Amino acid sequence: MTADRLAASELVAPFETTEVVETARAKVNLALHVTGQREDGYHTLDSLVVFPAYGDEITLRPADDMTLSISGPYAEPLNTDRSTNLVMKAAWLMSESVPGARSAHIQLTKRLPVAAGIGGGSADAAATLRALGRLWDVHPSSHNLEKLALRLGADVPMCFGENPSRVRGIGEQIEKLSAAPKGALVLVNPGIELSTPSVFQALENKQNSPLQTLPDKWSGPQEFASWLRACRNDLQAPATSLVPQIGDVLSLLDAQTETLLSRMSGSGPTCFALCATLGEAQAVAKRIKENRPDWWVQSAAY
């Protein structure tokens, strides 16, 4: 058995499951510090991430062959090719790692914008691994699942757990944040795709300071936002140089009275407003939708 195969002891007898549904939550970087670049080209990061209760949807049903269909408002840019689609890559990787695995038809409902800085593809891959585990009644160890997830991409392990976390290295060093206070986010995308490599290429300084020391706890969203203001997203400036509309989004979010903090997520162009409650986030989202109906706007608790 190779190191990447799941041990037989991690499996239980298959049972009949007709359908499994998993939500692939968006990944939002509340802070993202680029701390270096390795010889293999990967950038090292120090980031704080949360996963609001909104995302794509993965639906699995038993099937004779491993197949994928895609629907939803952001389905058009995607293909179902095994060599390029992260969902199919995840499905085949899981299948090859599970002795006696069966096949499945995968339905991806794509609700998150593509190339948007909120980890949609990584979240979809992680949700596929979780869903296949449930469909096949497979119970691999956390260690083995993390190894499989990392083979799919640096962001996939953090998306697998969907926990508020501090993430370091290239994404493999994940520290859960039990002290992060609950709150809500407004996510806004101006409808422009932005490739992550192009943003990193535009980043001039790749040796930046890490996050400041994390406190043992925050008293609430207001204190959390105050602490986050001393942090950064080092990719925000280069991304804005490529997509100036990011500045328009941030200005509009800043103008809302409920906004505790606004910033770009990941490599952009999606930006967020941190709010104390879901009701406040919903009010902000409603106003922005009315003001800019051509933008993608979504509110959710995290």
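Trainee: What should I know before reading the values?

Mentor: Residues are numbered from 1 along each chain as its sequence is written, and side-chain values use heavy atoms, with hydrogens and water left out. In this predicted model, local features need pLDDT of at least 70 and side-chain atom pairs count only at pLDDT 80 or more, while totals for chains, interfaces and linings use all residues.

Trainee: How many disulfides does the structure hold?

Mentor: A disulfide is a pair of cysteine sulfur atoms within 2.5 Å. Here there are zero. For cysteine 159, the nearest cysteine sulfur belongs to cysteine 271 and is 19 Å away. For cysteine 271, the nearest is that of cysteine 275, 14 Å away.

Trainee: Does cysteine 271 count as buried or exposed?

Mentor: Buried means under 20% relative accessible area, exposed over 50%, and partly exposed in between, with a 1.4 Å probe and protein chains only. Cysteine 271 counts as buried because its relative accessibility is 0%. Cysteine 159, at 1%, is also buried.

Trainee: What volume does the largest pocket have?

Mentor: On a 1 Å grid over the protein atoms alone, a pocket is an open set of points where a 1.4 Å probe fits, with protein on both sides within 12 Å along at least five of seven lines; lining residues have an atom within 4 Å of a point. Grid points are joined across faces, edges and corners, and the volume is the space filled by probe spheres set on them. The largest pocket has about 1,200 Å³. Its lining has 45 residues, and among those closest to the centre are Gly119 and Asp155.
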